[in-house]
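Colleague: I'm new to this one. Could you pick a spot where two pieces pack together and take me through it slowly?

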Amino acid sequence: MHDTSRFIDARVRRFLRERISPAVYRESRPLEVTAWEVPDEPVPFSVASAQEYTPFSTGEAWGRPWSTVWFRVAGTVPVEWTGVDVHPELVVDLGFTTAISGFQAEGTVYTAEGVIVKAVESLNNYVSLDAAGTTFEFYIEAAANPNVAGDFARGFGFAPTALGDKATAGTAPIYRLKRIDAALRDGVVWELQQDVRTLLGLAAELSPDLPRRAEILRALDRAIDVLDTDDIAGSAAEARQAVAGVLASPAYASAHRISAVGHAHIDTAWLWPVRETVRKVARTFSNVLALMDEDPDIVFAASSAQQYFWLKAYYPELFERVRARVVEGRFVPVGGMWVESDSNLPGGEALARQFVAGKRFFMEEFGVEPLEVWLPDSFGYSGALPQIVTAAGFRWFLTQKISWNDTNRMPHHTFDWEGIDGTRVFTHFPPSDTYNAAISAKELARAQRQYAEKGPANSSLLPFGWGNGGGGPTREMVAAAHRAHDLEGSPRVTMRGPREFFEAAESEYPNRPVWQGELYLEFHRGTYTSQAKTKSGNRRSEHLLREAELWATLANVRLGVEYPYDALEEAWHTVLLQQFHDILPGSSIAWVHREAERNYAELAVTLERLIAERLDLLAGTGDSAISFNAGPYAIGAAEALGGTVEGHSGRAPVSENPDGFELLNGLVRATIDRNGLLISVRDLVADREVLAEGSAGNLLQLFRDTPTQWDAWDLDEDYTHVMRELTEADSVEITEDGHAVRVVRTVGASTIEQVLSIGVESSAIDIVTRVDWHERQKLLKLAFPLDVRAERAASEIQFGHIYRPTHANTSWDSARFETVAHRWVHVGEPGYGVAIANDSTYGHDIRSTSVEGVAATVVRLSLLRAPLYPDPEADQGHHEFRVSFRVGASIPDAVAEGYRLNLPLRQVSGSHPVAPALTVDDPAVVIEAVKLAEDRSGDVIVRLYEAHGTRARARIAPGFEFTGVVQTDLLERATGSVEVGPHDVSLSLRPFQIVTLRFSR
């Protein structure tokens, strides 16, 4: 028999495209449309419905970028639209392209009474109508969101665009109304369309030598034969019968088992502003509710308490409908986070608060406690996460993002992930490598083919639905899931909730492999540096919140001052929102980052005022200089977590010689040449030179930064190929006070000013770098070549630190050429080390090298980038960075240095010192947060952790009266007792262990 499979395939595909799909709607009738354009930002239905509407025609242009137009449409379902399996629908085309949903115009459909029905989008553009003869009236809130992504379905173009900022996007309309019709959908033809799509897709995935593939193609060939091209509707049932047998053939006994979970990954901001996400949530959630009314089997999971919070605030009626489905168990809040945050950049306490705030909302609003962490799209995962999520009461962790690695492939899809403290969490990577599945045969086959746990286990999860820009599952996806439920040649697909999957997957695979340490994403390495102002705002806000909570707590327990619960909660919500994985990493449009910067500035004003008010009350009225230290370590004479009289030490004077300048105290001598470079840093205690021979420190390096794709996201390894060292200075001089050296450089259109100084009692050189940055596609790094042979480097992460090799022995080491650190990095050899701390920088590269044949280590901090997409003005303007270079430093010194730089002393005039809020007798145990309990009971919450990577035993003595103390989880629920003395608590901690104590008063 001759092989005609390719001809059959081509024949069926053309019939589907040209005959079957156009026949899904038997008839359509245009409707009369009127419109009102919103002058500026979106308005609620109550305002829009009261406006004067004017006639609007099909083909007419509408919608300047980011604007809103309301369309009003009314009509009557034709009386003759009756019959078996026919469905009257409103069909809307706002000017859609065939590109993926969520990246172009979108509409929200309301009844005349203001009730949201569902959304209309490019690939989900219908609204069900009532029976023949009934009248209808709808309002459509049409969002003219510009397509900043290009053709997302075929890949980004990454061309700079002015569309990402309303101020530069232009005023010309960007859409034309194509269609608002009443249409009659033929249910049998639609079902045939789904049958053919499923079978064509499956046949394409099967090997040509399988009989199953031939059976499918022959059945499709027969179906086309029986279709009457002049009466598709009349012959569709017979065509369905022709393929019924191959659709009914059951799956193999060993077929992979897929749990299909409805999903819509709604980016809280990205190529649209936050305000548009508010509407995307309403559109997506209403789509899901409408689909649940049509199909009883779909289960939908949605993360991000922030998005539900918006729904409750802006769309209360829709929120209550969601609540009803949550109670039913079909609408499932997952993730337990405020947003799907980045996990590399947020500080430890902030990352903990993501889970505290998220879980609290879901538990209080729905009585539901999510047990699965849901982070499908964040750019790598901190080694601190397993302990944090376990302490917040989670059992499972899900992501698929590591499948984006550009060099190495992870060896597991289901495994136990072990964090830096030894805590393990059950982890699953969907092997379909997507969180936006359409339940296509290609996706199902990929999941089965790639699943790495074959043999010991056979189950995976598939999140399906239009995502990123929202939209969610469609009826076509649900139809595909039903057809693949038990289908020969396909994995078995069952629609179910995430908890059902995780319980089954955990049970079937008891002896799982273990992955230790971070889940480093070999991609998007530029997100550690892009949009430096956003990152600086985040770091400063995190530390201001620490101070505000500490001093507000102390003022409450010592003086009875009211604790500002609401103000602090609102501040935290702002910070947590802006830690979303496309805001804090710097990968959003200009609108998003300018708004984030404004929010951080406003937040700083609020928190600074709150801090100042509490410090004034604590210090009393007087003229004594009180130094308040919010950090966990003493700074000079300034005690930790308290206020000390005259606790501030000064800076060492600068001397000048013919070769340059010298910073000198009894601990370190730093020589600065006439070009502003550190040419010698001598540790006077250890009596050794710290810089590599013949090298200069404080060396600014400028690299060409032109990634192959994903401009704001990616830093490609080849950036190192083109580099310029900024060794010439415009001026180098001693500052007016005589205690620092000021260096000014010009590069291109940018100016860089640095101020170098050293404290009288410090072994750290402090460097303040101020940049007026106007470069494009450049990367600015600050380099320190060290006479230290370090085989590994320590980098601070949340609640601890992680060691990474400085060599490139393996492909895994080589791919880790840019890494993230929080407040400090440390490199050392046996007996000696150096710490470099910062106040706002995250991106680093630390590599072993050789200088004139002698082993050395180069530490570089990534200060600035200037990508052109999606924000062509990214990083332009003024920036300030503080870096300290501490010689002879141990890991404990590095920890202390990081806190010193990020929590500077505050000087207040007062009458008396303020005793510390708490004292700890072991420096390895760090107090990270002091606050009042979330339940507003007045109990004091103290969060602490072991910071040095050692076992520790410490006594914690509160500076306030307490009646009892228990150990709790992150949600402040009691988990166990502690050893309590008359005035203190004793704890034993394992390396990097987090402990939360609750003191009742």
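Modeller: Helices (H or I, at least four residues) and strands (E, at least two) are DSSP runs, numbered from the N terminus. Axes are lines fitted to C-alpha atoms, for helices over the stretch in contact, with angles from 0 to 180 degrees between N-to-C directions. This is a predicted model, where local features need pLDDT of at least 70, side-chain atom pairs count only at pLDDT 80 or more, and totals for chains, interfaces and linings use all residues. Residues are numbered from 1 along each chain as its sequence is written, and side-chain values use heavy atoms, leaving out hydrogens and water.

Now look at H7 (residues 305–314) and H9 (residues 348–366): they pack at about 45 degrees, axes 9 Å apart. The H7–H9 crossing is left-handed, meaning the near helix is turned anticlockwise from the far one by less than a right angle.

Who touches whom? From H7 come Ala-305, Tyr-308, Phe-309 and Lys-312, and they meet Gly-358, Phe-361, Phe-362, Glu-365 and Phe-366 of H9 (contact means heavy atoms within 4.5 Å). Sorted by class, that H7–H9 contact has six nonpolar, one polar and two charged residues; Ala, Val, Leu, Ile, Met, Phe, Trp, Tyr, Cys and Pro count as nonpolar, Asp, Glu, Lys and Arg as charged, and the others, Gly among them, as polar.

Glu-106 counts as buried because its relative accessibility is 0% (buried is under 20% relative accessible area, with a 1.4 Å probe and protein chains only).

Key
Buried means under 20% relative accessible area, exposed over 50%, partly exposed in between (1.4 Å probe, protein chains only).
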